[in-house]
Amino acid sequence: MQIAVLAGFALAILVPLLSRWCGGRTGLILALYPASIAFWLVSLAPEVLQSGGIYFEQAWAPSLGLSLSFWLDGLSLLFGLLISGIGTLIIIYASGYLHGHPQLARFYVLILSFMSSMLGVVMADGLMTLFVFWELTSITSYLLIGFNHEDAAARKSALQGLLVTFTGGLALMSGLILLNVVGGSWSLQTLLNDGETLREHALYLPMLLCLLGGAFTKSAQFPFHFWLPNAMAAPTPVSAYLHSATMVKAGIYLMARLQPGLGGTEAWTTILCVIGAITMVVGAFLAIRFTGIKKVLAYSTVMALGTLTMLLGIGGEAAMIAFVTFLTAHSLYKGALFMVAGALDHETGTKDIDEMGGLCRFMPVTAACAFVAALSLGGVIPLFGFVAKELLFEAVLDAPRFTGFLIGMSLLASVLVVAAAGIVALRPFFGALKETPKTPHEAPPSMLAGPCVLAGLSLVLGFMPWLAGDGLLNAAAGAVMGTEVVTDLYLWHGLNTALMMSMVSLGVGLLVCWRWPGVRGVIHRFSPVLDRGPEAGYWKLMDLLVRVAEWQTRLLQSGYMRNYLILTLLSFTGLTGYTLLVRHGPVFDLALDVRLQEVVVALVIAASAIVACMMRSRLAAVAAAGVMGFGIALIFLLFSAPDLAITQLLIETLTVILLILVLFRMPQFSSLSTPMERVRDMFVAIITGGLMTLLMLTVLGQDLFTSISEYMIDNSVPLGHGHNIVNVILVDFRALDTLGEIFVLSLAAIGVLAMLRLQAKERKTP
Amino acid sequence: MEPIMAVVIGVIYATAIYMMLRRSIVKLVIGLILISNAANLLIFATAGMTRDAPPLIPMNGGPMAEVIADPLPQALVLTAIVIAFGVLSFAVVLIRRAYQIVGVDDMDQMKDTDT
Amino acid sequence: MKTGTLILSVAAQTLVPLQVLFSLFLLLRGHDEPGGGFIAGLVVAGAFALHQFVNGPEATRRLLRVDPRDCIGFGLLLGVGSALPAWWQGEAFLTAQWWEVPGLGLKLSTPLIFDIGVYLVVLGSVLTAVITLTEVDKDET
């Protein structure tokens with residue numbers, strides 16, 4: 001399982017090579033990765049459905065209880081299939097859409113990494129595993145949204161998405177940590193099995209708010225919905241992928257995942273229902289306000305996300321079935337519609353619906369796909385979207401709380417969505433032919449494959465919903481519920497209230513679509529109000545941030561190093577010294593056990609340090625520092641640290657070499673300070689040095705806690721197979737620290753090299 | 001021995017900070033050398049200083065000394081010494097480079113040169 | 001560029017190979033007696049620094065055959081690489097693994113590989129700094 005998830009990253013590394021070898025066919029080859037994941041998931045499906053989940057764990061830092069662990073159950077399986085299945089189509093689609101783009105390879109790298117991160121999110125079992133992959137999706141999606149990085153607007157939107165989702169990520173992290181504190185485990189599976197403890201704990205509400213903060217920002221719930229439409233600055237394959245099946249669904253996934261553990265409480269129902277319903281209507285309303293085809297789709301996505309959140313809030317079996325069905329239906333038709341929008345943009349050169357018309361003659365296949373997908377979006381019989389919508393209405397009608405409010409909101413939203421569907425699918429293709437920047441023609445096959453497959457699936461599943469329903473959707477709904485769910489899906493539910501609501505929304509929606517320009521005119525009058533939405537708040541906040549940063553920089557950053565140093569040192573001595581005196585008082589154990597030669601060495605060290613700072617010549621100062629270094633080596637030798645003594649001696653030698661090479665290219669010491677400054681500096685130096693002495697004397701006087709060295713001494717031979725304990729610690733017990741240290745050393749050396757090489761180059765090319 | 005070392009360490013810290021506060025940039029380098037040595041000694045001495053009992057386990061399986069020196073701070077200091085050298089070489093080259101570009105060795109004047 | 005005096009260059013001729021040998025000795029015995037990757041790396045870096053003072057940076061580069069920069073990279077690779085076998089065994093990252101080489105009674109282990117990595121990084125870092133500095137110095141004068 002870990003191989004499946006991590007292979008994407010490995011493959012991403014190989015993309016540049018691959019694209020050099022295979023040229024234009026790279027996309028098709030890379031599409032094999034998600035395709036194989038999809039097949040692999042399908043092959044696992046029977047096992048998952050039977051056993052309720054497959055678990056995999058790899059120890060990482062067992063002492064902290066952290067491990068890399070994955071868990072595949074019905075919900076993960078559904079998401080995994082959507083991610084890998086649509087991912088396959090998207091990569092094929094992108095190879096056509098971005099054909100000949102100079103940075104196609106970079107696109108593949110990013111989309112593969114993103115895909116892997118998404119798979120990681122939906123299969124993660126460890127809280128930290130989940131969080132890491134979650135943040136990885138934020139980072140990779142940032143790079144994907146900002147793919148056209150030479151465009152300022154794209155950069156700005158990408159940054160906006162990043163900031164919003166990262167803020168949410170921070171909330172999520174606190175939430176996950178709280179979850180660990182409350183539930184006492186890092187494993188989602190364990191935690192959710194013990195939902196009772198979680199729900200009754202005093203920290204339930206803060207924990208819930210933090211977790212939902214993460215989910216809402218990611219899934220663009222009101223009032224964070226604004227980043228999603230802005231993210232349309234990305235190339236269309238990215239939008240299609242991120243906003244149909246993946247990125248924004250991560251938040252939905254998280255809520256669904258947590259539902260069995262945290263769901264069902266009053267707070268959960270209220271927040272999710274209200275926010276979900278508001279998001280749904282706001283999204284649907286804003287969708288018909290715009291003429292850019294991608295904007296319309298983006299806002300209708302916001303609407304869908306709101307619906308999903310609302311369904312999770314309602315809870316109960318009907319709502320859960322509606323949830324998984326709507327989720328699947330939405331992924332299918334929205335993916336298809338985005339790809340159609342991309343095809344339109346690609347072949348006509350415009351994104352504005354007002355500038356398109358009569359295109360069905362030139363692009364019949366595209367038109368057919370758009371038509372089918374839009375019918376599904378509008379929830380028209382006999383498409384899968386209709387099944388989902390019926391279930392949605394039924395769930396809302398059965399809602400235990402806020403029933404009236406939710407029915408009204410759902411009806412309003414679906415009217416508006418029908419209108420949006422009509423706008424996207426009818427207006428560009430029918431009616432009078434309009435001049436477009438490019439002569440329209442049918443898109444290449446690679447760009448048609450995706451929409452055709454997805455629209456086809458919407459149609460097939462509409463007629464035969466049990467294909468998906470019996471196994472997969474029931475298992476997924478069961479995972480969300482926490483109990484087993486057996487519900488059969490039908491296309492025709494009979495003549496009931498839900499169907500009436502569907503008909504009403506269809507009729508009114510088409511009316512809105514027909515009178516669209518007029519409706520837009522009316523909405524346009526409210527623009528000043530709409531522009532004051534949450535997005536304006538976001539920009540205000542950003543401005544404020546910059547201003548506060550400027551103000552505090554001007555206040556604190558004088559630009560003189562010694563001011564920083566003095567400030568830091570004085571605060572240190574003040575705070576530490578105060579604490580030391582108040583809490584502990586000057587109690588020292590001054591028991592002396594010394595030998596003459598040791599005292600002499602100590603005196604030499606102290607004296608040479610003082611000499612080093614009194615010398616007027618560089619050579620003398622370096623020499624004095626060297627004497628001090630050798631003195632320290634002697635101390636190490638006298639006090640049973642042979643390894644340290646050798647190291648110190650060698651380093652002293654190398655230091656002298658280094659200083660000779662560099663320092664004597666530098667000017668002589670110069671006397672720049674006034675006597676007053678000297679006194680001031682001496683004062684700071686002496687009180688800091690004095691405090692260090694006091695601190696050390698205090699620490700020596702008491703045993704604070706038992707040393708962990710005992711363990712290392714006892715286990716050096718049995719576990720480490722080494723007799724030099726210091727070395728065993730370095731390369732075995734604390735090898736991770738050492739690894740970090742050699743990285744630091746390498747960085748320092750590379751820094752030196754870079755500075756010197758740069759200089760050498762500058763000289764050659766003045 | 002430790003109380004004496006405490007005083008010695010205090011002295012090294014004081015001299016190091018005094019040197020780091022000077023305006024002449026070359027003196028900063030000496031300050032850096034001093035302060036890293038002071039820190040190493042501090043870690044080493046705070047853990048307690050033991051004579052003639054290096055943290056080595058006899059190869060022939062013979063008995064170990066009652067009290068042996070604490071190996072952990074030694075391991076920490078060992079890497080710290082090497083890292084300090086790495087950092088020192090980086091700082092020294094940086095200072096040299098800054099001096100070449102700006103052409104002054106006074107920290108106060110460096111502040112005002114935006115090159 | 002020959003900068004060394006006669007005494008220095010004669011001494012270097014004998015000292016450098018001895019130091020290199022000694023460093024290998026320190027490296028290999030480091031697990032049981034004073035020594036180890038850091039110390040051995042410093043010793044050998046000192047040896048090449050001495051060689052460089054006597055014979056100039058070009059000669060040292062020739063003697064080394066590999067760029068010290070590559071030593072850093074290779075050392076880091078060994079360091080990280082030694083962490084992975086434990087993963088293979090299903091244990092936590094960086095858990096030490098020991099293998100007996102049959103017949104010789106020699107013990108091969110990931111800590112040893114790790115220590116060799118440390119050795120190479122120290123060697124590479126110090127030499128990168130020293131050699132580059134000397135070369136730049138020479139360019140200036």
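1. Leu459(A) is partly exposed in this predicted model, because its relative accessible area of 34% falls between the 20% and 50% limits. Leu459(A) is part of helix 20 of chain A. Together with Val460(A), Phe463(A), Met464(A), Trp466(A) and Leu467(A), Leu459(A) makes up a nonpolar patch on the surface. The accessible area of these residues together is about 550 Å².

2. The patch draws two or more residues from each of helix 20 (445-463) and helix 21 (466-481) of chain A. Helix 20 of chain A gives the largest share, three residues.

3. Over the whole structure, eight cavities of 30 Å³ or more are found. The largest cavity holds about 120 Å³ of space. Its lining consists of 15 residues, and those closest to the centre are Met303(A), Phe326(A), Tyr333(A), Leu377(A) and Lys389(A).

4. Four elements of chain A give two or more residues to the lining of the largest cavity: helix 16 (317-348), helix 17 (364-378), helix 18 (384-397) and helix 19 (403-425). With four residues, helix 18 of chain A has the largest share of that lining. Sorted by class, the lining has nine nonpolar residues, five polar ones and one charged.

5. Chain B has four helices and zero strands, and its elements follow the order α-α-α-α from the N terminus. Of its 115 residues, 63% count as buried.

6. Salt bridges are the remaining topic. Side chains of opposite charge can pair when their charged atoms come close. Across all chains, the search finds 11 salt bridges. One of these pairs the side chains of Glu598(A) and Arg51(B), with an N to O distance of 2.5 Å. Glu598(A) belongs to helix 27 (residues 596-614) of chain A, while Arg51(B) sits in the loop between helix 2 (25-46) and helix 3 (71-102) of chain B, so this pair joins two chains. Glu598(A) has a relative accessible area of 1% and is buried. Arg51(B) also counts as buried, because its 18% relative accessibility is under the 20% limit.

7. Arg22(B) and Asp681(A) form a salt bridge through their side chains, at 2.9 Å from N to O. This pair crosses between chains as well: Arg22(B) is in the loop between helix 1 (2-20) and helix 2 of chain B, and Asp681(A) is in helix 30 (residues 675-700) of chain A. Arg22(B) is buried at a relative accessible area of 4%, and Asp681(A) counts as buried at 1%.

8. A salt bridge also links Glu135(C) with Arg757(A), where the closest N and O atoms are 3.0 Å apart. The pair runs between chains, from helix 6 (residues 110-140) of chain C, which holds Glu135(C), to helix 33 (residues 735-764) of chain A, which holds Arg757(A). Glu135(C) counts as buried, with 15% relative accessibility, whereas Arg757(A) is partly exposed, with a relative accessible area of 35%. Both residues belong to one network, in which salt bridges that share partners join Arg757(A), Arg61(C), Asp67(C), Arg69(C) and Glu135(C).

Technical notes:
Residues are numbered from 1 along each chain as its sequence is written. Chains are lettered from A and ligands numbered from 1 in the order in which they are written. This is a predicted model: local features need pLDDT of at least 70, side-chain atom pairs count only at pLDDT 80 or more; totals for chains, interfaces and linings use all residues. Side-chain values use heavy atoms; hydrogens and water are left out. On a 1 Å grid over the protein atoms alone, a cavity is a set of points where a 1.4 Å probe fits but cannot get out, and a pocket is an open set with protein on both sides within 12 Å along at least five of seven lines; lining residues have an atom within 4 Å of a point. Grid points are joined across faces, edges and corners, and a volume is the space filled by probe spheres set on the points. Ala, Val, Leu, Ile, Met, Phe, Trp, Tyr, Cys and Pro count as nonpolar, Asp, Glu, Lys and Arg as charged, and the others, Gly among them, as polar. Patches are made of residues with over 30% relative accessible area and no salt bridge: like charges are joined within 9 Å, nonpolar side chains (Val, Leu, Ile, Met, Phe, Trp, Tyr) within 5 Å. Accessible areas come from the Shrake-Rupley method with a 1.4 Å probe; for residues, only the protein chains shown count as cover. A salt bridge is a side-chain nitrogen of Lys or Arg within 4 Å of a carboxyl oxygen of Asp or Glu. Buried means under 20% relative accessible area, exposed over 50%, partly exposed in between (1.4 Å probe, protein chains only).
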